[in-house]
Amino acid sequence: MTMIDRTLLDSIEAIARDAGDAIMTVYAREFSVEEKEDKSPLTEADMAANAIIVKRLNALPHGIPVLSEEDEAGFTGVDSDGRYWLVDPLDGTKEFIKRNGEFTVNIALIEQGKPVLGVVIAPALGTAYLAAEGLCAVKVDDNGQRHAIQVAGKPAADAAWRVVGSRSHPSPDLAAWLEKLGAHEMVPMGSSLKLCAIAEGAADVYPRLGPTCLWDTAAAHAVVEQAGGRVETLEGTPLSYATPAEKLNPHFVVWGCGKA
């Protein structure tokens, strides 16, 4: 198994930050938008960030395979220890195109189907979220200050649930789910920042009843877990990354509290 320590986490943070810098270079000027086969948008920024991340991860001494949204063909499969890097070079491309700042760079290390290290960089906001097994979850603010973070816990009985939801992917099933939840206030948000809001205690729950891919969630999933939260399917089982060939996540809920 991989020896996860602060040095490795720092290395992945540095890679993600360099990818973020490449994204912001494109963000600062006019750019073209292409459409992939699945109708999702693709920009120069996605590809520039991908090139940096894949090259740098492959240069690490561990020899762990890399699965990136923008380089699926380069993935050689999970290694003999059940490990692989799972990357979304630019999560929230629609938010990037809208220029609202709510996009991220996501890098996760998966071992035996579980995200054991995660780095989420929000380059336009100047913030980052970092976590790994055995190390606390940390937010780096726009002044470079690092703060340990943790989930808020279950709201008081007379308090409304703070719910984060997708800004660009509304779900018709969400209204019924929220009715069962009870009193709540809704905050739309883009990219993996929704999971990070749960991790830092700024929101209580994030129900995702629409399509997502493994690389959309893995890095922030690691942050949520190390901050004391949970990411589960609607059946209550932990979201798994054990079969990367399937790519799509089931519907899931991110909770900022333990089991009831």
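Trainee: What makes Glu-95 and Lys-98 a salt bridge?

Mentor: A salt bridge requires a side-chain nitrogen of Lys or Arg within 4 Å of a carboxyl oxygen of Asp or Glu, and the closest N and O atoms of Glu-95 and Lys-98 are 4.0 Å apart, so the pair meets the definition. This is a predicted model, in which local features need pLDDT of at least 70 and side-chain atom pairs count only at pLDDT 80 or more, while totals for chains, interfaces and linings use all residues. Residues are numbered from 1 along each chain as its sequence is written, and side-chain values use heavy atoms, with hydrogens and water left out.

Trainee: Why is Glu-95 called buried?

Mentor: Buried means under 20% relative accessible area, exposed means over 50%, and partly exposed lies in between (1.4 Å probe, protein chains only). Glu-95 has 3% relative accessibility and is therefore buried, whereas Lys-98, with a relative accessible area of 48%, is partly exposed.

Trainee: Why are Glu-13 and Arg-17 separated by about one helical turn?

Mentor: They stand four residues apart in helix α1 (residues 6–27), and therefore about one helical turn separates them; a helix here is a DSSP run of H or I with at least four residues, a strand is a run of E with at least two, and both are numbered from the N terminus.

Trainee: How many aromatic pairs does the structure hold?

Mentor: The structure holds eight aromatic pairs, and one of them is formed by Phe-31 and Phe-96, whose ring centres are 4.8 Å apart with 35° between the planes. Rings of Phe, Tyr and Trp (its six-membered ring) pair if their centres lie within 6.5 Å, and planes under 30 degrees apart count as stacked, over 60 as edge-to-face and the rest as tilted, so the Phe-31 and Phe-96 pair is tilted. This pair links distant parts of the chain, with Phe-31 in the loop between α1 and β1 and Phe-96 in helix α3, 65 residues apart.

Trainee: How do you know that Phe-31 and Phe-96 are buried?

Mentor: Phe-31 has 15% relative accessibility and Phe-96 has a relative accessible area of 0%, so both values fall under the 20% limit.
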